[in-house]
Amino acid sequence: MAAVKVENKKTIQRKGNLFVISAPSGAGKTTLCQKLIKKMPNMKLSVSYTTREPRKGEVHDVDYTFVTRDTFKKMIDRGEFAEWATVHGNLYGSSIKRIKELNSRGYDIILDIDIHGAIQLRKSYEGAVYIFILPPSLEALEERLVNRRTDTDDIIKNRLDNAKAEISQYTNYDYIIVNDSIDKAYKELESIVRSAGLRTESADHNWIQKIIN
Ligand code: 5GP
């Protein structure tokens with residue numbers, strides 16, 4: 001529960017929400033998530049573990065916690081992941097401990113994970129909000145992957161091959177955002193987040209009870 005000031009200056013307690021966001025590589029998900037964290041102080045990204053090599057500029061424990069396959073497999077055996085999946089040949093997973101920690105401090109949490117991870121979470125995190133971000137076209141996706149110059153041609157080809165399969169899973173999500181303009185897509189994402197915060201289950205029931213009694 002987090003303390004939130006409301007207009008009449010009373011402090012109410014609100015429960016954090018879990019937002020699961022997926023998209024094919026290059027659809028703009030990272031940019032949108034970063035913008036959300038910057039604009040909404042109560043929103044935190046749960047940093048995933050991965051066996052992928054860090055890209056230029058990526059920071060350990062900020063972008064990902066980079067671990068060896070051996071470490072990752074030990075974490076799977078110890079049941080430390082809420083979900084994990086192999087994505088483009090590397091292992092990625094969301095730590096239960098990190099989610100619980102952020103949740104206990106009342107934060108809204110973003111999980112930026114692939115479609116397989118999202119399907120696993122659906123079974124255990126029913127109250128989570130599932131959002132899928134689509135590129136305006138496959139051509140636009142290719143252009144973005146080439147322009148960001150972070151991956152080799154082989155990796156780009158692999159990511160494009162996977163994109164159609166990922167997009168075909170869109171019905172597992174509650175909301176679809178088409179990212180044809182980053183500003184428009186951001187506004188849509190923010191309105192989903194804000195309306196989730198107004199759900200009855202997110203309300204401070206003790207505070208409402210006091211009004212009734
Ligand atoms: P990238 O290597 O480009 O950062 O991420 C590749 C894909 O892995 C993205 O679709 C991203 O959402 C996904 N991913 C990142 N972290 C996790 C995670 O913890 N679990 C799962 N299942 N996918 C993840």
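**Notebook: aromatic cluster, sheet and pocket**

I started with F81, which counts as buried at 10% relative accessibility. The model I am reading is a predicted one.

**Entry 1: the partners of F81**

I looked up the ring contacts of F81 next. The rings of F72 and F81 have centres 4.5 Å apart and planes at 25 degrees. I put this pair down as stacked, because planes under 30 degrees apart count as such. F72 is buried, as F81 is.

Then I took the pair of Y49 and F81. Their ring centres lie 6.0 Å apart, with the planes at 70 degrees. That angle is over 60, so I logged the pair as edge-to-face. Y49 sits in strand β5 (residues 49-50) and F81 in strand β7, so this contact ties together parts 32 residues apart in sequence. Y49 is buried too, at a relative accessible area of 14%.

Which residues do ring pairs link into a cluster? I found Y49, F72, F81 and W84. My count for the model comes to six aromatic pairs.

**Entry 2: charges over rings**

I also checked for charged side chains above ring faces. K44 lies over the face of Y107, 5.0 Å from the ring centre. R122 lies over the face of Y130, and here the distance to the ring centre is 4.1 Å.

**Entry 3: the sheet**

I went back to β5 and β7 to see how they are placed. Both belong to an open sheet of four strands, in the order β6-β5-β8-β7. The pairing in this sheet is mixed. Which strands are at the edges? I noted β6 (65-66) and β7, each of which pairs on one side only.

I traced β5 against β8 first. The two pair in the antiparallel sense over two bridges. T50 stands opposite Y92 of β8.

How many bridges join β7 and β8? I recorded six, again in the antiparallel sense. E83 faces S94 of β8 across this pairing. V87 stands opposite N90, also in β8. The hairpin of β7 and β8 has two residues between the strands. In that hairpin, H88 takes a positive phi near 45 degrees.

Are β7 and β8 mostly covered or mostly open? β7 is mostly covered, with five of its seven residues buried. β8 is mostly covered as well, with five of its six residues buried.

**Entry 4: the largest pocket**

The largest pocket holds about 1000 Å³ of space. I listed 41 lining residues. Which of them lie nearest the centre? They are K29, T30, R55, Y64 and D112.

I then sorted the lining by element. The elements giving two or more residues are α1 (29-39), β4 (43-45), β7 (81-87), β8 (90-95) and α6 (153-167). α1 gives the most, with six residues.

For the make-up of the lining, I wrote down 15 nonpolar, 12 polar and 14 charged residues.

**Entry 5: what I keep from this**

F81 pairs with F72 in a stacked contact and with Y49 in an edge-to-face one. F81's strand, β7, is an edge strand of the sheet.

Note on methods
Residues numbered from 1 in each chain as written. Predicted model: local features only at pLDDT ≥ 70, side-chain atom pairs only at ≥ 80, totals over all residues. Heavy atoms only, no water. 1 Å grid on protein atoms, 1.4 Å probe; cavity = no way out; pocket = protein on both sides within 12 Å on 5 of 7 lines; lining within 4 Å. Points joined across faces, edges and corners; volume = space filled by probe spheres on them. Nonpolar A, V, L, I, M, F, W, Y, C, P; charged D, E, K, R; others polar. Phe/Tyr/Trp six-rings, centres within 6.5 Å; stacked < 30°, edge-to-face > 60°. Buried < 20%, exposed > 50% of the residue type's maximum accessible area, 1.4 Å probe, protein only. Lys NZ or Arg CZ within 6 Å of the ring centre and 35° of its normal. Pairing = 2+ DSSP bridges.
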